[in-house]
Amino acid sequence: MTPAEIRAAREAAGHTQIQAGELVGGTRRTWQEWEAGRRSMPAAAWELYLLRTRQHPAWELVAKPTASKTL
């Protein structure tokens with residue numbers, strides 16, 4: 001992913017850099033570094049962000065069904 005793709009995904013989700021960083025366990029500063037191209041975004045963080053913002057081209061997160069408790 002390129003810095004432009006990272007920024008475009010964040011803007012499409014309507015997130016600030018702080019919000020985007022929090023979704024992947026990072027910080028605003030880390031997100032800024034990724035968007036500026038000074039650091040490479042780990043593939044796992046990119047995939048997680050796309051999944052959490054429903055932008056992933058092939059996958060989506062689905063809530064686990066709750067198990068009914070029987071006594």
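Me: Which residues are buried in H4?
Reply: This is a predicted model, in which local features need pLDDT of at least 70, side-chain atom pairs count only at pLDDT 80 or more, and totals for chains, interfaces and linings use all residues. Residues are numbered from 1 along each chain as its sequence is written, and side-chain values use heavy atoms, with hydrogens and water left out. Helices are DSSP runs of H or I with at least four residues, numbered from the N terminus, and buried means under 20% relative accessible area (1.4 Å probe, protein chains only). By that rule the buried residues in H4 are Ala 45, Trp 46, Tyr 49, Leu 50 and Leu 51.

Me: Which helices do the buried residues of H4 pack against?
Reply: Contact here means heavy atoms within 4.5 Å. The partners of these buried residues are helix H1 (3–13), helix H2 (17–23) and H3.

Me: What is the angle between the planes of Trp 31 and Tyr 49?
Reply: Rings of Phe, Tyr and Trp (its six-membered ring) pair if their centres lie within 6.5 Å, and planes under 30 degrees apart count as stacked, over 60 as edge-to-face and the rest as tilted. Trp 31 is buried, with a relative accessible area of 0%. Its pair with Tyr 49 is tilted, at 4.9 Å centre to centre and with an angle between the planes of 55°.

Me: How many residues apart are Trp 31 and Tyr 49?
Reply: The pair links distant parts of the chain, since Trp 31 lies in helix H3 and Tyr 49 in helix H4 (residues 43–52). Their separation is 18 residues.

Methods. Buried < 20%, exposed > 50% of the residue type's maximum accessible area, 1.4 Å probe, protein only. Helix = DSSP H or I, 4+ residues; strand = E, 2+ residues; numbered from the N terminus.
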